[in-house]
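Student: I have just opened this entry and would like a short tour. Could we begin with the surface and then visit a few residues?

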Amino acid sequence: MSRLKVALLLAGSAVFASVPAAAQPLVNVGTLACQVSPTIGMVVGSTQQAHCVFKPYRGRKQTAYVGAVSRVGLDVGVSQGGPIVWSVWAPTPRLPRRALAGSYTGASSSLAVGIGLGSNVLVGGPYRSITLQPAMLQNYVGVNVALGVSGLTLR
């Protein structure tokens, strides 16, 4: 098999491996609100500490999530940090405690000159079965431009 065919096969496998199993439709189960620390973009990436609260539509809120938001790609400038809120979509309407713990990845973008906006959709958690969709555009204060792949690790 030629190197080009092997490369295309590996690239195609990576794309399909990054898509969550769609055996059943996802249900909006609540919101995940994170407060992230300020960051300085270093051209190829950045990391922000995060303290998060999951507010399910059914059951008690879960406040014990801490973690980090990271970005790999173009990331230049300084941002103040602040809140990020996602809608949480899962394969079942009820999630057990700590069900959001894990790693998430997805595409992201932001632009700020003074005040700006950003957005990112992330997929991950147990068996890559949970999707985090922006519940609102993220407000940035600072001077920053970013485009790349974002990650969120919750523990």
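Tutor: The chain exposes about 8,800 Å², and carbon and sulfur atoms supply 68% of that area. Accessible areas come from the Shrake-Rupley method with a 1.4 Å probe; for residues, only the protein chains shown count as cover. This is a predicted model, in which local features need pLDDT of at least 70 and side-chain atom pairs count only at pLDDT 80 or more, while totals for chains, interfaces and linings use all residues. Residues are numbered from 1 along each chain as its sequence is written, and side-chain values use heavy atoms, with hydrogens and water left out.

Student: How many helices and strands does the chain have?

Tutor: The chain has one helix and eight strands; helices (H or I, at least four residues) and strands (E, at least two) are DSSP runs, numbered from the N terminus.

Student: Where is serine 70?

Tutor: Serine 70 lies in strand 3, residues 62-79.

Student: And what does serine 70 touch?

Tutor: Not counting residues up to four places away in sequence, serine 70 touches Ser46, Thr47, Val149, Ser150 and Gly151. Contact means heavy atoms within 4.5 Å.

Student: Changing topic, is alanine 99 buried or exposed?

Tutor: Alanine 99 is buried, with a relative accessible area of 10% (buried means under 20%, exposed over 50%, partly exposed in between, with a 1.4 Å probe and protein chains only).

Student: Which residues is alanine 99 in contact with?

Tutor: Leaving aside neighbours within four places in sequence, alanine 99 is in contact with Tyr65, Pro126 and Ile130.
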